[in-house]
Amino acid sequence: MGFLLGTEKAKVEMPSKVVFEDVSLGVDTGDRIGIVGTNGDGKSTLLRLLSGAIEPDAGRLIRTNGVRIGILRQSDALDDGATVIESVVGDRPEYEWASDPRVRDVLDGLLGDIGFDACVGSLSGGQRRRVDLARVLAQDWDVVMLDEPTNHLDMATITWLAGHVRTRWKTGQGALLAVSHDRWFLDEVCNAMWEVHDGRVDAFEGGFSAYVMQRVERQRQAMVAEQKRQNLLRRELAWLSRGARARATKPKFHVAAARELIADVPELRNPPELKRMAMARIGKDVVDLQGVSVSFDDDAPVLDDIDWIIGPGDRIGIVGANGAGKTTLLNVVRGALAPTSGRVKIGSTVRFAMLSQRLESLAEFDRDRVRELVARYSRRRMASGKEMTPSQLLEDLGFGAADLNEYIGDLSGGQRRRLALMMILMEESNVLILDEPGNDLDVDMLAALEDLLDDWPGTLLLVTHDRNLMERVTDDQYALLGGTLRHLPGGVDEYLRLVAANERESAAAEKASAGARATHEDASQSQADTGIMAVPSVAKLSNSERQRLKKLLASHEKKMATAEMKVAALRAEAQHVDPSDYEALMAHQAQIAELAERIAQLESEWLEASEALGE
């Protein structure tokens, strides 16, 4: 592997604290590194240091001559007066960027719904973020650094981004550093992890799942080492007070397999008990939508004739592209928005609590200190299925004693979201609605949130683009597609298949429409040239060719199903691999990646055959 860049005994100091102390690390060609850590520990600062945006206060930054670095920051520096296409490709002529496969792939994957001539200043925050991401990905870099790239992306776009990053370079070329709290994305694209904490950067081999296993094992070994130290101190104290004792044999510790680490861990949830508690708190009737449609002005309906029954104890995840109407649906469900047509029936005992994307519930408390807000919830209330004080809940959500004196308006985005979550969990509600609760939360806080939601004794509605969070805390998933609500028995994978199928249908329809226009133009030209009405010629397949294509379709469908089963089997096997056996973990990841590429190739060939057959 070729060395690209790194640091040697680097120190970075801010006015209020030392961010990094004596950090030495390196990035080689072929590295795909995920960076995790709690909010404020220095993940973004680490990217700025490695990119050369800031200089270390001590130590040095090392970089191979000629290394090209592209970086996506959390906030963009786009020119409001520039067009979208100018922001992405700069002053490159159209014939040049339009003939570049990478640029076309990036434009299709990220900006398909945004006009290239649109002014950047007129875009929403999410659209600006995608334009900035496209700006980075459309260029040729040796090292790509992405700071929270999945923010504001829906699941289909996150899946595209993971595929793009996996195939952007050939094996052993280029390097990726990604700060992200999206655990599925990290698992898909990374072959190493860096954990930033306490002024240090700890390196782990493998993706996010392997990192979690190794971190658990490191903690276990640390506990064992501490126990040994305590035993040694006790023996030393005994020797000092009563004289030397007989020699003690040294205990031997063996690395436990992942399945042994979790053998005594109970099930995440007790669904029957949660249902029983929900029935006691809510009753049988929660929310019933009958023929609900919502339209704004003269536009197409955002929600179209939706029938949906939400019951006590239901744990429902809602997925859909940005702008599909998820927040609108939540507002209709809780009675905040009247439908254009149809009926919404809300149970008489239902009490809603909602965590919105914009955290409106905190706006009025910006000049209060955290402890003043906590004091409003003085008595014990039910939260997470057990009695808990606000202070205990805040501690579970990562607030320390020093945080209690902070002004709410000065808190970071992640802290504000956690504080708002505390507020709604302490309310006496029985239907919890969470709209993108994982935004701005680090991976440890996401895990804490999941633990709290596991025991939520009521009905839960969750909108998120975080696939791990969705699959972890909900039992049923629904998708908003074209204004209609569709149940997803196959979960997120089924949703992604539906999105891909819709895209294939749209592409086929566009191709057919373009062919029809071309045929019409040819016919018109023929009539103009000869004065005789021309009859369009339609290429027909022979029977043998049709049979061959049909056999090819059937064969590829079987091969794709077999490959998907193998991927599922490999993922299941990986859960039982010894977490210290990095070679085995990497071998599993390599097999899964190879099968994923094979499935993508089969899908492409299947689509070409289907289009040729006209089906």
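Keep in mind that the model is predicted.

Let's begin with a pair of helices. Helix α4 (residues 101-111) packs against helix α6 (residues 155-168) at an angle of about 165 degrees, and their axes lie 10 Å apart. Since angles over 145 degrees count as roughly antiparallel, that makes α4 roughly antiparallel to α6. The two helices cross in a left-handed sense.

Next, have a look at helix α1 (residues 43-51). This helix is mostly covered, with seven of its nine residues buried. The buried residues of α1 are K43, T45, L46, L47, L49, L50 and S51. After α1 comes G52, and its phi is positive, near 90 degrees.

Positive phi also turns up in residues other than glycine. K9 is one of them, with phi near 50 degrees. K9 sits in strand β1 (residues 3-13), and its relative accessible area of 56% makes it exposed. D22 is not a glycine either, yet its phi is positive at about 60 degrees. You will find D22 in strand β2 (residues 18-28).

Now for the rings. A pair of aromatic rings is described by the distance of the centres and the angle of the planes. The structure holds four aromatic pairs. In one of them, the ring centres of W97 and F116 are 6.4 Å apart and the planes stand at 75 degrees, so this pair is edge-to-face. Because W97 belongs to helix α3 (residues 94-98) and F116 to the loop between α4 and α5 (125-137), the pair ties together parts that are 19 residues apart in sequence. W97 is buried, with a relative accessible area of 11%, whereas F116 is partly exposed at 29%.

Another pair joins W308 and Y478: the ring centres are 5.3 Å apart and the planes at 55 degrees, so the pair is tilted. W308 lies in strand β11 (residues 303-310) and Y478 in strand β19 (residues 476-481), so here the pair ties together parts that are 170 residues apart in sequence. W308 counts as buried at 4% relative accessibility, and Y478 counts as buried at 17%.

To finish the tour, look for F204, F208 and Y211, which ring pairs link into a cluster.

Key
Residues numbered from 1 in each chain as written. Predicted model: local features only at pLDDT ≥ 70, side-chain atom pairs only at ≥ 80, totals over all residues. Heavy atoms only, no water. Axes fitted to C-alpha atoms, helices over the stretch in contact; angles between N-to-C directions. Helix = DSSP H or I, 4+ residues; strand = E, 2+ residues; numbered from the N terminus. Parallel < 35°, antiparallel > 145°, perpendicular 65-115°, else oblique. Left-handed = near helix turned anticlockwise from the far one by under 90°. Buried < 20%, exposed > 50% of the residue type's maximum accessible area, 1.4 Å probe, protein only. Phe/Tyr/Trp six-rings, centres within 6.5 Å; stacked < 30°, edge-to-face > 60°.
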